[in-house]
Every structure is written in C-alpha cells, then in structure tokens.
Amino acid sequence: MELNILVLPGDGIGPEVTEEAVRALRHVAAKFGHSLRLSEALLGGIAIHKTGSPFPDGTAKLALEADATLLGAVGLPEFDDAPPERRPERGLLGIRKTLGVFANLRPVRSYKSLLDSSPLKNHIVDGTDMIIVRELTGDLYYGTPRGISGSGEAEQAVNTMIYTRAEIQRIARMAFELARKRRRKVTSVDKSNVLEVSQLWRKVVIDVAAEYPDVTLEHILVDNCAMQLILNPRRFDVVVTGNMFGDILSDEGAVLAGSIGMLPSASVGPKRPSGAWVGLYEPVHGSAPDIAGQGKANPLAAIGSVAAMLEYSFGLKEEAAAVNAAVDAVLDSGRVTADLRPAGPPATTAQVGEAICQAIG
Ligand code: IPM
Ligand code: MN
C-alpha cells in the first residue's frame, strides 16, 4: 500500500519528536512492505516566521491532498502577546477546521512499568483504560461573536459557547461506536446545571443513546468529572465531551498515564469514499519550548500517534499493533526519557526512537 502522509513538525519539541515518529513510521512501513510518500510543510510559529501566516495556503492544500497528516506541536513564547490571528495556535485551529476533523480521540491508559511515574498512588492508577472523545471543531474555540472591544473600564471580551444538535449527534455516535468495541460504557461530561449549551448536549446524547441500547450511558458534571478522574479513573471507559472541557480533562488524564509525553491523539473527520478516516495525528503535549532542541523530549506520544494513524487512516491494524507493542517493550526496558523518571540515566529523544525501531524488529 502507498501511504501519502503530510508531516508538520511545527514548533518547540515538535520537530524532534516528529523525527522519531517518522523514523518509526519508515521502519514499520519497510517491515510490512508499504511505500511511503512523505511531504513536509509549515504550521504554527515557524510558519508565521517564514510566511507571515500560522496556516499558509500551501499547507492547507497539501493537508487536503494527503491521506493523513502527522503533526508535532505548535506554540512559541514570542507570540504570547500577539493578536489571536497571529498566534501559532490559530494554525492548529485552522487545520482542524479545514480538514473537518471533529472527533479528537485521546486514549488514556496506565502502563504497569510507569505506575511509579504518576504522582498518584499505584492502586488508584493501575488498570486505567479510557478514551476521551473530545469534540474538536466547535464550542468556545470557534463560536462567534468573539473578540475584544472597547477601552478603559469599558474594555470587554467575548467568546461564544455554541453547539448544534447535528454536531452533538455526530460526536455522540462516535463515542457510542467506540464503546461497542470496548467495555460498552459512555460517560458524557457537561455543565448542564448552569449552561444551556450543556442542556442541549445532554438531551441530544440521550437521544443518540436510544440507538445503542447495548451501551450504558452516564452523565457527569465537568467539575465532578475532574475529581473522579483522579479518585476513581477505572470507572471510565469512553468519555465524551465538548472541545473546551475535553481540552482541560485530557491534560488531567496525562497524570494517569505517568507523563503527558505518553499521550497520543487521533483527530478524525468524515470518512473518505475508501472508508478510511480523514485524520490528523498529534501528541497531546504542546511544544514545550523550555526543553526544545535538547534531546530531552519524550517521543512516545508522537510515536503512538503514528500507530493511531496506521489504524484509523489506513486500516493497518497489525502494523499499528507492532508499534504499540514496541512502545510497551521500550517502557519495560526502562530506556526512557527523563519525564518518566527512569532509575538510570535518562535516554535521549533519538535513543528512544532507535529503541522503538529495534523493538519493531
Ligand atoms: C491541545 C492543545 C491545543 C488546544 C492548543 C495548542 C490550541 O492544548 O491540542 O490540547 O487547545 O486544542
Ligand atoms: Mn490541550
């Protein structure tokens, strides 16, 4: 099979983790006899520096043509005070919207060999295995009106939280479909005791649940969810929520996995005629400019994102399993980066990438 993939290294540690992810991708493709057609483009702060725009037209065109896109991270501190349209993050929001990848799948599981890496007690974390299904193209992130206006004491800012029934239906269906392949439980997260948007969310999720009588549905308020995630994470199987709540809860989920450097993500959109998902694959972690260029970054989230790409965009389950098994093997070997607090000296980003290729065999 030919895999036509766009690579967007982005900012900060993005390029270094992406390099290792591409190394793993090349390795697994060679092993299973697939040919790779890789192209590379600019997104985020580096794109602003080189073109003036965080999401250049050329990048949009390549992303629409590729079978799948692999992204590193975006964000640089020199843009902290820039207006929203000149911020690296706008590039990420732009590509998500352009590709229409409305469902962001963020699996969170505990790894036996990393139990001591989590600040939480082992007996709480052990056995965690959930997937956070975050809606990705709506909510406060895109709602209008938005903006800052006025001046002096009257200066004000507004963002709009908005969801349509159709948007809630499609993300809810995604969650229920996933639950059918797992432990058949969906937890829907909202703030329906206060927000009208959440009241509609809950109503629509209940409607969709009627199509899936074999799946158990529970509702939980977002504040309580934040607490339950670290009190009793094993109770969660599929967690479905909106863009803003999902952003926040998935970083909290990283604590369960031992490090945010462990969390891959797949953002999928409408299915192509071939039946494959349009997909954007990226680690959950950000650009971490403080450690960029030092070989300290953990590439396993990026490598896990490659596994997700093989599975969802190309239907290559065996190849995906080979990558995931290599991640497990490398974790067991203890040859890991500093964020995972290895007993011995930490491995570099590239050493972890090499170990992954060796483990793939
Ligand atoms: C994420 C990130 C992004 C988001 C930022 C970088 C715009 O935090 O993917 O979780 O908020 O979606
Ligand atoms: Mn985030």
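The model is predicted. The chain is assigned two domains: domain 1 (1-106 + 260-361) and domain 2 (119-257). Their C-alpha centres are 23 Å apart.

**Domain interface**

- Contact between the domains involves 19 residues of domain 1 and 22 residues of domain 2.
- About 1800 Å² is buried between domain 1 and domain 2, and carbon and sulfur atoms give 64% of that area.
- On the domain 1 side, Lys97, Phe102 and Arg106 supply 37% of the area buried against domain 2, more than any other three residues.
- Six residue pairs are in polar contact between domain 1 and domain 2, with both residues at pLDDT 80 or more.
- Three elements each supply at least two residues of the domain 1 side that touches domain 2: α4 (88-99), β4 (103-109) and β11 (266-271).
- The residues on that side of domain 1 comprise 11 nonpolar, three polar and five charged.

**Salt bridge Asp328 to Arg109**

- Aspartate 328 pairs with arginine 109 in a salt bridge, with the closest N and O atoms 3.6 Å apart.
- Aspartate 328 sits in helix α11 (residues 317-333) and arginine 109 in strand β4, so the pair ties together parts that are 219 residues apart in sequence.
- Aspartate 328 is partly exposed, at 26% relative accessibility.
- Arginine 109 is also partly exposed, at 34% relative accessibility.

**Salt bridge Asp126 to Lys112**

- Aspartate 126 and lysine 112 form a salt bridge whose closest N and O atoms are 2.7 Å apart.
- Both partners are in loops: aspartate 126 between α5 (122-125) and β5 (129-135), lysine 112 between β4 and α5.
- The pair therefore ties together parts that are 14 residues apart in sequence.
- Aspartate 126 counts as partly exposed at 26% relative accessibility.
- Lysine 112 is exposed, because its relative accessible area is 63% and exposed means over 50%.

- Arginine 183 forms a salt bridge with aspartate 129, and the closest N and O atoms are 3.9 Å apart.
- This pair links distant parts of the chain, 54 residues apart.
- Arginine 183 is in the loop between α6 (165-180) and β8 (185-190), while aspartate 129 is in strand β5.
- Arginine 183 is partly exposed, with a relative accessible area of 43%.
- Aspartate 129 is partly exposed, with a relative accessible area of 31%.
- Shared partners join Asp129, Arg182, Arg183 and Asp237 into one salt-bridge network.

**Asparagine 298**

- Asparagine 298 lies in the loop between β12 (277-281) and α10 (300-312).
- Asparagine 298 is buried, because its relative accessibility is 6% and buried means under 20%.
- A polar atom of the asparagine 298 side chain is 3.3 Å from the backbone oxygen of glycine 261.
- The side chain of asparagine 298 also makes a polar contact with the side chain of aspartate 339, at 3.0 Å.
- Leaving aside residues up to four places away in sequence, asparagine 298 touches Val17, Ser259, Gly261, Met262, His285, Thr337, Asp339 and Leu340.

Note on methods:
Residues are numbered from 1 along each chain as its sequence is written. Chains are lettered from A and ligands numbered from 1 in the order in which they are written. This is a predicted model: local features need pLDDT of at least 70, side-chain atom pairs count only at pLDDT 80 or more; totals for chains, interfaces and linings use all residues. Side-chain values use heavy atoms; hydrogens and water are left out. Domain bounds come from an automatic or database domain assignment. Contact means heavy atoms within 4.5 Å. Buried area is the accessible area (1.4 Å probe) that two parts lose on being put together, summed over both. A polar contact is a pair of N or O atoms within 3.5 Å; within protein, one must be able to donate a hydrogen and the other to accept it, and residues adjacent in sequence count only if both atoms are side-chain atoms. Helices (H or I, at least four residues) and strands (E, at least two) are DSSP runs, numbered from the N terminus. Ala, Val, Leu, Ile, Met, Phe, Trp, Tyr, Cys and Pro count as nonpolar, Asp, Glu, Lys and Arg as charged, and the others, Gly among them, as polar. A salt bridge is a side-chain nitrogen of Lys or Arg within 4 Å of a carboxyl oxygen of Asp or Glu. Buried means under 20% relative accessible area, exposed over 50%, partly exposed in between (1.4 Å probe, protein chains only).
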